[in-house]
Protein chains: 2
Amino acid sequence: MALPQSAFSALDTPAVCIDLDVVDANLQRFQAYCDSHGLAARPHIKTHKLPDFAHRQLELGAKGITCQKIGEAQVMAASGIDDILLTYNILGEVKLARLKELAQHCRLTVVADNQVVVDGLAEAFAGGPALRVLVECDSGGGRCGVQKPAEAVTLAQAVDGAQGLHFAGLMTYPPKGRIEVVRDWLGEAMHTFQRAGIECEVISSGGTPDIWRAHEVTAATEHRAGTYIYNDRMMVRAGAASWETCGLDVLTTVVSRPTETRAVLDAGSKALSSDLGGLEGHGYIREYPDAVIHSLSEEHAVVDLSACTGAKPAIGERVRVVPNHACVVSNLFNSVHGLRDGKVERLFTVEARGLMQ
Amino acid sequence: MALPQSAFSALDTPAVCIDLDVVDANLQRFQAYCDSHGLAARPHIKTHKLPDFAHRQLELGAKGITCQKIGEAQVMAASGIDDILLTYNILGEVKLARLKELAQHCRLTVVADNQVVVDGLAEAFAGGPALRVLVECDSGGGRCGVQKPAEAVTLAQAVDGAQGLHFAGLMTYPPKGRIEVVRDWLGEAMHTFQRAGIECEVISSGGTPDIWRAHEVTAATEHRAGTYIYNDRMMVRAGAASWETCGLDVLTTVVSRPTETRAVLDAGSKALSSDLGGLEGHGYIREYPDAVIHSLSEEHAVVDLSACTGAKPAIGERVRVVPNHACVVSNLFNSVHGLRDGKVERLFTVEARGLMQ
């Protein structure tokens, strides 16, 4: 599996290389899947943070996009994107003022999982056009969200009772690998809402690990996925991707070979992040599949070559690492390289990176 | 331990807050320690990435600074800093050209742990003023470095035999908590070099975990430390710092309280990083010392409050997190806030952040 030197020799390392053909195929595959199941696609841009890719996702048929930070949504709205779901509880004077400003530039939907958030949104949006609010539900993921469908109903009623807010449905970030639990939670919620006589226009589920089973969550009307655009080692492990559908590599240089079985790459936790996601090791080296990146310091990856049969990487050689988690990697780089047919076609500035709030 | 609301209420979260008095006391303490032991201080700027702090380190008596990337060194040299040690094997045409350019603007020293790096440096610097090179030694850390003192001698001879290079001594990044091993390795190396009749002008050790035992590495002439400027939960665990000498907090907001024992903060792995450094949990919450940040997703921290007696954090409340690892946190934010006497005094742009190469 030789590295196409033509494409990479001019790049300084570490560098993020995006295979534009793989990315586009990934986007098309997810949209086709959603279309075939009558699900709306609402890609999460937290993975790529690039307006260009968000526009491509919409062009292919996505209903809108998802953002996790107001700053991300501001960048996307400024690029002309209209339908934005912000899947985060927004609190506090500064953020609410920014949210109000943002709502003037796009069709904004937000979430709430508690009364404090609802009160803040209501105070900020009273008197203006209604802000769409989804109630966030904890369908087993153990992060945010109301715990029971009955609580969701109570909060939905609070939303609809508040001036300036409109209850638009439910949102959940499901636990990985437990599609039945999510299906049952949202199914029960749907019945609870029907009994209460409250319409859920949207029931939004998400995630890439179980992306190809999204249709089994029968209550869901839309699916939010982020990682699927690039995929990564975690998604390969989850069975949602293959190495061939991984579209983001970190190009690195072998900078040291201190021992027969040790190599050191110039990409550490400041390039690959230290996300493990339940995996052993810190990435997959395409050219040396048996090598194990067993530890990272900030700017070095230490690789164990014990299991490598045959050739071992030489000092100065360049190798491509599929990271454990693509989303946190593109968040570390100010720019990423778009490659096609073995050539660098474009340098993308990761526009929505570093917008922490 | 109440949060001084005056200082923080205007800040949007998550935000990095630097206590300028704590930082300055940390810088002074390390310099005084080095002075009292006749060790040169050569702070590593990878932690703060801020020219202002680097200049303060020099003003207090540091001999020079340490950088890990050419990009970091370029920023520091452009700010007027002269004596820079780049503790990284530099390889490849692009990087060597940048290194040559950098060497015109400062008194540069680099490292090498293998012949390929020496050959590259020699080719790039032949004919010009000599580039100072330290041979990197693996004194037990298991990252880069020659394995035995005899190998260091061989490489030193290769450096001195190369046109345009000058052998200036040894460098090691020591393993944590094993000061005797480092002492013995460098002690043996010193004797090996004496026997070979080669002078080591500099013997450079480093690290914050064992910072107050640096003088026990008797062969060392200088100590490189980075984290000590901010300290963090790893350094408290290592016994090198206390919560009072931790000068970098991530200010966060409690955005959800889904259950009696669960809180969610608006700082995830994109703000705190997922570095564990051998610890359980992802940071120390100053206001709730018994709370455990048990998992992170990209923009959320999930906190277990089971062990909290008394008050629990309310939705909307702001809390300060001392991160596990300060160096990777300041690498995630484009800017950090400098506070003094409970007031925000300055916003610093993290100038050398994101310079991956």
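Modeller: A residue is called buried if 20 or more other C-beta atoms lie within 10 Å of its own, exposed if 12 or fewer do, and partly exposed in between, with the C-beta atoms placed from the backbone. The model is predicted, so local features need pLDDT of at least 70 and side-chain atom pairs count only at pLDDT 80 or more, whereas totals for chains, interfaces and linings use all residues. Residues are numbered from 1 along each chain as its sequence is written, and chains are lettered from A and ligands numbered from 1 in the order in which they are written.

B:Lys49 sits in the loop between strand S2 (40-41) and helix H3 of chain B. Helices (H or I, at least four residues) and strands (E, at least two) are DSSP runs, numbered from the N terminus.

The buried ones are B:Ile70, B:Glu72, B:Ala73, B:Gln74, B:Val75, B:Met76 and B:Ala77. Their cover includes helix H3 (51-59), strand S3 (65-67), strand S4 (83-89) and H5 of chain B. Just after H4(B), B:Gly80 has a positive phi of about 100°.

Within H4 of chain B, take B:Val75. This residue is buried because 21 other C-beta atoms lie within 10 Å. Two residues are in contact if their C-beta atoms, placed from the backbone, lie within 7 Å. Not counting residues up to four places away in sequence, B:Val75 touches B:Pro51, B:Glu351, B:Ala352 and B:Leu355. One of these, B:Ala352, is 277 residues away along the chain, yet its C-alpha atom is separated from that of B:Val75 by 6.1 Å.

Next comes the packing of the helix against H5. Helix H4 (residues 70-78) and helix H5 (residues 93-103) of chain B pack at an angle of about 20°, and their axes are 11 Å apart. Axes are lines fitted to C-alpha atoms, for helices over the stretch in contact, and angles run from 0 to 180 degrees between N-to-C directions. Angles under 35 degrees count as roughly parallel, over 145 as roughly antiparallel, 65 to 115 as roughly perpendicular, and the rest as oblique. H4(B) and H5(B) are therefore roughly parallel to each other. The crossing of H4(B) past H5(B) is left-handed; that is the word if the near helix is turned anticlockwise from the far one by less than a right angle, and right-handed is used if clockwise. On the H4(B) side the contact is made by B:Ile70, B:Ala73, B:Gln74 and B:Ala77, and on the H5(B) side by B:Lys95, B:Arg98, B:Leu99 and B:Leu102. By class, this contact has five nonpolar, one polar and two charged residues. Here Ala, Val, Leu, Ile, Met, Phe, Trp, Tyr, Cys and Pro count as nonpolar, Asp, Glu, Lys and Arg as charged, and the others, Gly among them, as polar.

Another helix pair in chain B can be set beside this one. The axes of helix H7 (residues 149-161) and helix H8 (residues 179-196) of chain B come within 9 Å and cross at roughly 45°. That angle makes H7(B) oblique to H8(B). H7(B) passes H8(B) in a right-handed crossing. The residues that meet are B:Pro149, B:Ala150, B:Ala152 and B:Val153 in H7(B) and B:Glu188, B:Ala189, B:Thr192, B:Phe193 and B:Ala196 in H8(B). They divide into seven nonpolar, one polar and one charged.

Last, a look across to the other chain. B:Glu298 lies in the loop between strand S13 (292-296) and strand S14 (301-304) of chain B. With 20 other C-beta atoms within 10 Å, B:Glu298 counts as buried. Leaving aside neighbours within four places in sequence, its contacts include A:Lys46, A:Gln68, A:Cys327 and A:Val328. As a whole, the contact between the chains takes 49 residues from chain A and 49 residues from chain B.
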